[in-house]
Amino acid sequence: MTKEHQTLGTKSIFLILGILLIAANLRGPITSVSPLLDSIRTALNLTASQAGLLTTMPLLAFAFMSPLSSKLGHALGLERALMTALVFIFIGIMVRTLGSTSALLLGTFVIGAGISIANVLLPSLLKRDFPTKVATLTAVYVLTMGIGSAISSALAVPISNLAEHLSISFMSDWSFALVSVIVFPLVAILFWLPQMTSHTAPTKNTAKLDSHSYVWRSPLAWQLTFFLGLNSFVTYIIIGWLPSMLMDAGYSEVEAGFNAGLLQLATALPAIALIPIMGRLKNQSLLAFGTALIALSGILGLLLLPQFATVWVLVFGFGGGAGFIVGLSCISHRTYHTHQAAALSGMTQCVGYLLAATGPIFIGYVHDTTGSWRLPLILCAVSCVLCSIFGLLAGRDRTLEHKQSMTMKLASAGRV
């Protein structure tokens, strides 16, 4: 009996380790680009709008792959679908370092597709295997995402400088820095191999676009979608352009990359405090409103007092990360059952990521047109204000109309 429990415990430990190693891949391959953006733009002669595509491509992949990920999970099983996600990330990292603009964009999209699959299916795996520890493990894997991303961002420029120092000739310095993050999916693949003997379908709460079309007609659903969408809109603008903003303000490449790493860590830190308590709060209005205002403070700080950028980066990262966690929690609080939650989650991911995808390109164009980061930061501040308003609305203690009750209301009105 003791030996069996010990074996089961060992299996659980290896499964959790595998989950955390997957989580370490869910931001770093994307965020490692932003500290190198100026070098990439110079090497490939990209405009700011074209450079913004490097942040936008993964978001487009998120929007289009999120509804398909649950189907892939059902077809392959959770374990094999997650391995597929890791292989996508591995291949994408290899492709984007081939040295051309098209390869860079294609590889980035493939990376985004892999990350999207894991983003959708990992919560289902946690709910299936650790139903009593979902909040705790979610906090740990969100923190792991931030740590992996912080390491990738902070080391991007030093690794590029190392490639230059070593006179590596078979690829550019920035390509060498980008391909170095391949160690993350490679280690995760090796540790995930023991899970490949299992073949289990996603749980019923997995996010997807399904037949709950009434969700798309709900004002509450749209309020939550815009709260999460605007949160991601501003966050990915800052993720993509922060190093360029800081270098234009007089910071070195290494300092800008270090701050980009701090940003990633700051977005993950709220998970430690918020996820365990979110399930106890029925009304999240003030919390959603407050997180947006914290993010706004960080934006205004970068605009008005850039010499204290490290402080403002931490403030914005905490506010943006906390807002995202609050928004995800609202999905379960605003719905009656797992099927409805899956439909709302699919809607918020699809629309929210499409909205977020416009941010880096649009802001890049505004910067090219004005030659300054002042107007882009003002637009980000306005977006934070709008996000706070939608947060107040979306966080109220109410739920979406249930399908049956809505049908009865329409019937009584003579519309069905």
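Modeller: Start with burial. Buried means under 20% relative accessible area, exposed means over 50%, and partly exposed falls in between (1.4 Å probe, protein chains only). Cys380 is a clear case: buried, with a relative accessible area of 0%. One caution: this is a predicted model, where local features need pLDDT of at least 70, side-chain atom pairs count only at pLDDT 80 or more, and totals for chains, interfaces and linings use all residues. Residues are numbered from 1 along each chain as its sequence is written, and side-chain values use heavy atoms, with hydrogens and water left out.

Colleague: How many disulfides does the structure hold?

Modeller: The criterion is distance: a disulfide is a pair of cysteine sulfur atoms within 2.5 Å. The structure holds zero.

Colleague: Next, cavities. How many reach 30 Å³ or more?

Modeller: On a 1 Å grid over the protein atoms alone, a cavity is a set of points where a 1.4 Å probe fits but cannot get out; lining residues have an atom within 4 Å of a point. Grid points are joined across faces, edges and corners, and the volume is the space filled by probe spheres set on the points. Here two cavities pass 30 Å³ or more.

Colleague: Which residues line the largest cavity?

Modeller: Among them are Leu230, Asn231, Val234, Phe316, Cys384 and Cys387. H10 gives the most, with four residues.

Colleague: What classes of residue make up that lining?

Modeller: Ala, Val, Leu, Ile, Met, Phe, Trp, Tyr, Cys and Pro count as nonpolar, Asp, Glu, Lys and Arg as charged, and the others, Gly among them, as polar. The lining has seven nonpolar, three polar and no charged residues.

Colleague: What lines the second largest cavity?

Modeller: Ile30, Val33, Ser34, Leu54, Thr55, Ile239 and Gly240. Its space is about 30 Å³. Helix H4 (48-76) and H10 each supply at least two of the lining residues. The classes divide into four nonpolar, three polar and no charged.

Colleague: Where do Trp222 and Phe226 lie?

Modeller: An α-helix has 3.6 residues a turn, so residues three or four places apart point the same way. Trp222 and Phe226 both sit in helix H10 (residues 219-248), four residues apart, about one turn. Trp222 is partly exposed at 28% relative accessible area. Phe226 is partly exposed as well, at 32%. Phe226 also pairs with Phe390: the ring centres are 5.3 Å apart and the planes at 35 degrees, so this pair is tilted. That pair links distant parts of the chain, as Phe226 is in H10 and Phe390 in helix H16 (residues 374-394), 164 residues apart. Phe390 is partly exposed, at 23%.

Colleague: Which residues form the aromatic cluster?

Modeller: Trp216, Trp222, Phe226 and Phe390 form one cluster.

Colleague: How do I check a helix for its span, say H11?

Modeller: The expected span is 1.5 Å times one less than the number of residues. Helix H11 (residues 253-268) has 16 residues and reaches 23 Å from first C-alpha to last, close to the 22 Å expected. Its buried residues include Asn259, Leu262, Leu263 and Gln264.

Colleague: Last, backbone angles. What is phi at Asn45?

Modeller: Asn45 has a positive phi of about 60 degrees, although it is not a glycine. Asn45 lies in the loop between helix H3 (37-44) and H4, and is exposed at 67% relative accessible area. Ser167 also has a positive phi, near 55 degrees, and is a residue other than glycine. Ser167 lies in the loop between helix H7 (134-165) and helix H8 (173-179). At 56% relative accessibility, Ser167 is exposed.

Terms used. Rings of Phe, Tyr and Trp (its six-membered ring) pair if their centres lie within 6.5 Å; planes under 30 degrees apart count as stacked, over 60 as edge-to-face and the rest as tilted. On a 1 Å grid over the protein atoms alone, a cavity is a set of points where a 1.4 Å probe fits but cannot get out, and a pocket is an open set with protein on both sides within 12 Å along at least five of seven lines; lining residues have an atom within 4 Å of a point.
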